[in-house]
Amino acid sequence: MLGIGIVILFACFFLPRIMMRTHAATLPIRDRAIGRGADSLGAALYYEPTAAVRRYITWYRIGRDANGAYFQGEWARKIACAVYELVVYGAGNELIEVLRVKEKFNGGRLTRVTRLPKKADFITLRLCYVDDTPFPVERKKLNGRYCAWLAALCFSLAVTVDLLVWLVSMFVFRCMDGFTFTYSPPLWMWAALLGSTALAVIAVTCAFSLARFFLMRRKGDPHDA
């Protein structure tokens, strides 16, 4: 039970964070600051998103009030609903979180206020869907940061799956010998089983991730940096 608990903890806590960083390594940072100002919530820094996003959200601001950091943008046109991502970075350009926001247009000029993590310094705004129509995804070129996180993801998934296979196999073997611990598979069998499983996981993960990367990049802006 302890081993299964470790696998579940790792899969629920660490793997999503590695996947988030792998995803964020493909997204270009292009939004630029355009000035400072104040609103009803307090002082804020105003940003201009990419030209494609500005067709729907003219600008957005990141400010701080008594409840912490927040995001709010201005709609450029009336839409029924939108889904957008806020890729949140800290002061040292480290990735903190990727927030996915779904919003239905309520007739107002501004988006709703979305609370950001405590250490948020700036964000990148990416539209995902507008009126249920997928929005083109901008991607960086294949880069070292993405490859490093993809390697970490492959390794983590391989270790997680191998540990799960080992636990299940040990339980099956114990059931076969009536929990007398008299049967112990040879080392070469474990090496073949766990090695082939790890290679299969790595191959599938790499194939899926790279295919998705190049497919999304082809659909997005051909001038991604």
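## The sheet

Five strands, or 5 in the order S1-S2-S3-S4-S7, make up an open sheet with antiparallel pairing. Strands here are DSSP runs of E with at least two residues, helices are runs of H or I with at least four residues, and both are numbered from the N terminus; two strands pair if DSSP finds at least two bridges between them. At the edges stand S1 (32-39) and S7 (114-115), each with a single partner strand, so one side of each has no neighbour in the sheet.

Zooming in, S2 and S3 run antiparallel and are joined by 4 bridges. Tyr46 has Arg61 in S3 as its bridge partner. As background, strands of a sheet pair through backbone hydrogen bonds, either parallel or antiparallel.

## What you're looking at

This is a predicted model: local features need pLDDT of at least 70, side-chain atom pairs count only at pLDDT 80 or more, and totals for chains, interfaces and linings use all residues. Residues are numbered from 1 along each chain as its sequence is written, and side-chain values use heavy atoms, with hydrogens and water left out.

## Aromatic rings

Rings of Phe, Tyr and Trp (its six-membered ring) pair if their centres lie within 6.5 Å; planes under 30 degrees apart are called stacked, over 60 edge-to-face, and the rest tilted. That rule gives 6 aromatic pairs. One of them is Tyr47 with Tyr60, stacked because the ring centres are 5.4 Å apart and the planes sit at 10 degrees. This pair links distant parts of the chain, 13 residues apart: Tyr47 is in strand S2 (residues 42-48) and Tyr60 in strand S3 (residues 57-65). Buried means under 20% relative accessible area, exposed over 50%, and partly exposed in between (1.4 Å probe, protein chains only). Tyr47 counts as buried at 8% relative accessibility, and Tyr60 does too at 0%.

Then there's Phe71 with Tyr84: the centres are 5.8 Å apart and the planes at 50 degrees, so this pair is tilted. Phe71 lies in strand S4 (residues 68-75) and Tyr84 in strand S5 (residues 81-89), again distant parts of the chain, 13 residues apart. Both Phe71 and Tyr84 are buried. Ring pairs tie Tyr47, Tyr60, Phe71 and Tyr84 into a cluster.

## A charge over a ring

The charged end of Arg77 sits over the ring of Tyr56, 4.9 Å from its centre. The cut-off: NZ of Lys or CZ of Arg within 6 Å of the ring centre and within 35 degrees of the ring normal.

## Asp162 in its helix

Asp162 belongs to helix H3 (residues 144-176) and counts as buried, at 16% relative accessibility. Skipping neighbours within four places in sequence, Asp162 is in contact with Leu194, Thr197 and Ala198, where contact means heavy atoms within 4.5 Å.
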